Amino acid sequence: MSVTSLLFYVFSAVLLLSALLVITARNPVYASLYLVLAFFNAAALFLLLGAEFLGLILILVYVGAVMVLFLFVVMMLDINLARLQEGFLHYLPLGLAVAILGVLELAAVFWTAPLGHIPAPGAVPADADNTRALGELLYTHYLYPFEIAAVILLIAIIAAIALTLRRRPQSKTQDIGRQLAVKVSERLRLVDLRRPRP
Amino acid sequence: MSVLWTLLGMILTIFLLLGIAGFLVFAERRVLALLQNRWGPNRLGPLGVGQALADALKLLTKADFLPSFADPWLYRLAPLLVAFSALAAFAVIPLSPDISWAGDWQIGLLFILALSSLHVYGVFLGGWASGNKFALYGAIRAVAQLVSYELPMGLSLLAIVLLSGSLSLGGMTSAQSLPYILLQPLGFLIFTIAGIAETERLPFDLPEAESELVAGYHTEYGGMPFGFFFLGEYVSLVLTAMLISLLYLGGWHGPWAPGWLWLLGKSALLIFCFFWLRATLPRPRYDQLLHLGWRWLLPLALVNLMGTALVAAGLRWGWL
């Protein structure tokens with residue numbers, strides 16, 4: 001067994017194990033950290049395949065952005081997962097049905113196109129730059145799907161902001177510009193106390 | 001055999017970097033003292049250099065303890081993550097066109113960004129696993145700050161990628177016939193500010209603001225685990241300085257001296273400027289910090305990127 005295939009088995013074993021631990025971990029912070037570990041192993045598998053751009057982008061996007069925000073929320077919640085899991089067995093039939101369906105679909109794919117029949121990729125030059133290759137493909141051949149995906153993401157961003165944006169007029173935020181622009185006449189009223197009022 | 005040599009070289013590099021970080025702690029104290037008109041540590045050795053060694057010895061010999069309320073695994077893991085993410089990034093930093101451990105990897109820049117996202121986890125876990133409210137507040141602040149400043153940083157880097165047409169640090173430096181600070185003054189400013197914020201140094205050290213949060217996310221740490229956080233901060237300071245000098249100041253380009261000397265000299269100058277900034281600027285309020293990131297740096301970085309892209313497209317198709 002070559003070093004590469006040994007590494008492949010190590011990474012995929014850790015990947016599967018951590019994916020299993022994501023759903024069995026009691027503590028939500030631990031569960032998210034196992035998911036991070038799973039992402040790292042998936043990235044390592046990409047690197048083994050020579051797709052270094054995809055591997056690092058996986059880490060950057062999922063580990064560096066998505067999971068950080070996820071942990072940010074989870075950390076501040078005091079979730080008792082054990083209580084959430086009380087009704088766990090309730091969903092067992094549904095879960096089993098989905099799992100069996102998934103296995104059947106995969107089996108169907110492998111049945112119709114056995115792995116041996118997929119043509120091996122042609123020889124790749126040693127200095128192949130798959131970042132450039134991916135970019136050229138995305139911006140020429142797949143330009144429309146790419147741009148449509150971008151627009152959908154933009155809509156999702158705007159929708160998320162619109163849903164969560166709320167103005168709080170009674171909040172006492174300090175506005176330095178307004179503070180500095182204050183005039184004496186707005187804040188100070190001079191009262192003459194020497195003379196009694198009629 | 002070559003694997004063994006590479007391994008040995010990497011271990012040496014790590015010790016060298018840790019030594020530099022230890023020295024910088026001392027150098028910073030002396031520079032701050034100079035700027036604030038006091039003496040600083042000047043007792044041990046010539047000019048007080050021995051202070052760095054004494055500090056290291058103190059950290060190494062202190063008790064290695066585990067608070068009873070801490071999460072034992074993550075508490076131990078966090079400082080290692082911080083130190084690792086800072087040290088590993090040096091694998092792709094080229095000292096001169098042909099000196100680099102990863103041999104000028106095609107996507108070295110992405111590697112550094114990925115490691116900086118690992119750094120966030122170290123800080124976050126340090127705060128969360130300590131089981132202390134100040135540490136938790138520090139971690140919350142750190143995560144929000146790091147995530148906010150990663151965006152303008154990445155966007156200002158994209159403009160450079162666009163100019164040089166490369167994602168490798170070597171390629172980006174070699175492409176600079178004149179330093180990118182002249183072509184990208186705005187990008188340089190944004191990257192420098194974001195870089196200081198990413199290393200959590202004053203004026204952006206709110207995650208560990210001692211007047212409010214004791215010591216922030218490393219409140220519960222002592223001895224060498226604290227030392228790892230500390231060294232991680234200084235190693236990433238060196239990393240930021242080297243990145244700025246590679247990407248914006250022309251890296252190893254320069255007359256009369258070997259390239260690596262130019263690179264190190266530029267980085268040392270930048271590190272001195274960081275010390276200077278620390279001595280000069282007060283710490284902003286936390287909401288002001290986030291406003292600066294989201295309301296100023298992010299739009300400016302977007303404008304910078306769009307402008308660069310327009311000019312590059314114009315030059316390519318002959319509109320300009």
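Seven salt bridges turn up over all chains when the whole structure is searched. The model is a predicted one. Between chain A and chain B about 2,200 Å² is buried, yet zero salt bridges are found across that interface. The second largest pocket has a volume of about 920 Å³, and the count of cavities of 30 Å³ or more comes to three.

**Salt bridges**

- One salt bridge joins the side chains of Glu28(B) and Arg201(B), with an N to O distance of 2.6 Å.
- Glu28(B) sits in helix α1 (residues 2-35) of chain B and Arg201(B) in the loop between α8 (185-198) and α9 (210-213) of chain B, so this pair ties together parts that lie 173 residues apart in sequence.

**Interface of chain A and chain B**

- On the chain A side 29 residues are in contact, and they meet 27 residues of chain B.
- Of the buried area of about 2,200 Å², 75% falls on carbon and sulfur atoms.
- Three residue pairs are in polar contact across the interface, with both residues of each pair at pLDDT 80 or more.
- On the side of chain A that touches chain B, the elements giving two or more residues are α2, α3 and α6 (130-140) of chain A.
- The largest share of that side, 15 residues, belongs to α3(A).
- By class, the side of chain A that touches chain B has 21 nonpolar, four polar and four charged residues.

**Second largest pocket**

- The lining of the second largest pocket is made of 29 residues, and those nearest its centre are Phe40(A), Ile59(A), Phe84(B), Leu115(B) and Leu118(B).
- Both chains take part in this lining: α2 (28-48) and α3 (52-76) of chain A, and α3 (72-88) and α4 (108-129) of chain B, are the elements that give two or more residues.
- Ten residues, the largest share of the lining, come from α2(A).
- The lining of the second largest pocket holds 27 nonpolar residues, two polar ones and no charged ones.

**Largest cavity**

- The largest cavity contains about 230 Å³ of space.
- Its lining has 17 residues, with Ser116(B), Glu198(B), Ser236(B), Leu239(B) and Thr240(B) nearest the centre.
- At least two lining residues each are supplied by α3, α4, α5 (133-164), α8 and α10 (223-247) of chain B.
- The element that gives the most to this lining is α4(B), with five residues.
- The lining of the largest cavity divides into ten nonpolar, six polar and one charged residue.

**Second largest cavity**

- About 50 Å³ of space lies in the second largest cavity.
- Its lining consists of Val82(B), His119(B), Thr199(B), Glu200(B), Glu208(B), Tyr217(B), Phe229(B), Gly232(B), Glu233(B) and Ser236(B).
- With four residues, α10(B) gives the most to the lining of the second largest cavity.
- Three nonpolar, four polar and three charged residues make up this lining.

Conventions. Residues are numbered from 1 along each chain as its sequence is written. Chains are lettered from A and ligands numbered from 1 in the order in which they are written. This is a predicted model: local features need pLDDT of at least 70, side-chain atom pairs count only at pLDDT 80 or more; totals for chains, interfaces and linings use all residues. Side-chain values use heavy atoms; hydrogens and water are left out. On a 1 Å grid over the protein atoms alone, a cavity is a set of points where a 1.4 Å probe fits but cannot get out, and a pocket is an open set with protein on both sides within 12 Å along at least five of seven lines; lining residues have an atom within 4 Å of a point. Grid points are joined across faces, edges and corners, and a volume is the space filled by probe spheres set on the points. Ala, Val, Leu, Ile, Met, Phe, Trp, Tyr, Cys and Pro count as nonpolar, Asp, Glu, Lys and Arg as charged, and the others, Gly among them, as polar. Contact means heavy atoms within 4.5 Å. Buried area is the accessible area (1.4 Å probe) that two parts lose on being put together, summed over both. A salt bridge is a side-chain nitrogen of Lys or Arg within 4 Å of a carboxyl oxygen of Asp or Glu. A polar contact is a pair of N or O atoms within 3.5 Å; within protein, one must be able to donate a hydrogen and the other to accept it, and residues adjacent in sequence count only if both atoms are side-chain atoms.
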